[in-house]
Amino acid sequence: MTLLLAGDIGGTKTILRLVETSDSPALHTIYQESYHSADFPDLVPIVQQFLAKANTPTPEKACFAIAGPIVKNTAKLTNLVWFLDTERLQEELGIPHISLINDFAAVGYGILGLQTQDLHTLQVGKSQPEAPIGIIGAGTGLGQGFLIKQENDYQVFPSEGGHADFAPRNEIEFQLLKYLLGKHDIQRISVERVVSGMGIVAIYQFLRDRKFATESPDIAQIVRTWEQEAGQEEKSVDPGAVIGTAALQGSDRLCEQTLQLFIDAYGAEAGNLALKLLPYGGLYIAGGIAPKILPLIQNSSFLLNFTQKGRMRRLLEEIPVYVILNSQVGLIGAALCAARL
């Protein structure tokens, strides 16, 4: 048996999982714990506290998925003063082999460890086992990546595709683009500003300000509070979640219109990624938003916008599309990555 440590390290929350593996590919979870990242000056004391509580030998390998870019085996976390370096972590923790990977790359590895119940199929398509696999996921931002088959395994590649330009396709999306350019006084709008948690709020503000529907007092108060807290690292309200819930319940017309526009843009961008990769191994919808609004995605025009690419429509109709339901896919991926070290 080999002990492995997996971590999903974010600016708000750090989740650690201790697993063991043998000759079989299966990973068995021994212990897991979650910590508030800001309560600690660094990752090292969190891991030390975790291992002491787990009361096991020191793991042989560890992989930490980081919410931020990895540069020469180092990482600086967004919203934290932590600076992580693999050599220092190996020395201070006594773990011989440690790897840092981008959190969306961890999702890529995690796909390889998902079970049938962890997925919801949006489009069956025609799977090709040797073809690339694509990943797109709206959450705090918009992650994108892909996997390429190499012999009997996959290599995972993250990307910064979420920062590509937002491409409006109709009058209302052109109006949204113009609104966001003026609101932020910038020269371009990335697709992440529309297809993400902040994108949901931005679309709501656009529809509200353009009087597309009447704003309810309760939701108006939540959005105003969020707007007043602009620039603060921690906010007291989450208007994106409130807007999504109201849309799911069908209780607020403005919220329903917001989610419809969001889902249309999400489907279109997923289709853009699929055109570039032709991921007949599957396109996986990751991130925290899709599972929460799954009924809306199922019953809306997500797939229509995904496949609406002119002469390329038939190609996209053959790509399997899945929504990842397991919120700990990144942690699974970190464990699988650790096993490879």
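## Close-up views of a predicted model

**View 1. Contacts around threonine 14.** In this predicted model, threonine 14 is in contact with Asp8, Ile9, Glu33, Ser34, Tyr35, Ser37, Leu43, Ile46 and Trp82, leaving aside its neighbours within four places in sequence. Threonine 14 sits in strand S2, which covers residues 13-21. Its relative accessible area is 0%, so threonine 14 counts as buried; the cut-off for buried is under 20%.

**View 2. An edge-to-face ring pair.** The model holds 8 aromatic pairs. In one of them, the ring centres of tyrosine 266 and phenylalanine 302 lie 5.7 Å apart. Their planes meet at 75°, so this pair is edge-to-face; the cut-off for that class is over 60 degrees. The pair links distant parts of the chain, 36 residues apart. Tyrosine 266 belongs to helix H8 (residues 253-277), and phenylalanine 302 to helix H11 (residues 302-307). Both residues, tyrosine 266 and phenylalanine 302, are buried.

**View 3. An aromatic cluster.** Three residues are shown here: Tyr179, Phe206 and Phe212. Together they form one aromatic cluster.

**View 4. A nonpolar patch on the surface.** Leu275, Leu278, Met312 and Leu315 make up this patch. Their accessible area together is about 270 Å². Leucine 278 lies in the loop between H8 and strand S13 (283-286). Is leucine 278 buried or partly exposed? Its relative accessible area is 31%, so leucine 278 is partly exposed.

Definitions and conventions. Residues numbered from 1 in each chain as written. Predicted model: local features only at pLDDT ≥ 70, side-chain atom pairs only at ≥ 80, totals over all residues. Heavy atoms only, no water. Helix = DSSP H or I, 4+ residues; strand = E, 2+ residues; numbered from the N terminus. Buried < 20%, exposed > 50% of the residue type's maximum accessible area, 1.4 Å probe, protein only. Contact = heavy atoms within 4.5 Å. Phe/Tyr/Trp six-rings, centres within 6.5 Å; stacked < 30°, edge-to-face > 60°. Patch = residues over 30% accessible without salt bridge, like charges linked within 9 Å, V, L, I, M, F, W, Y side chains within 5 Å. Areas by Shrake-Rupley, 256 points an atom, 1.4 Å probe, with all protein chains shown as cover. Salt bridge = Lys/Arg side-chain N within 4 Å of Asp/Glu carboxyl O.
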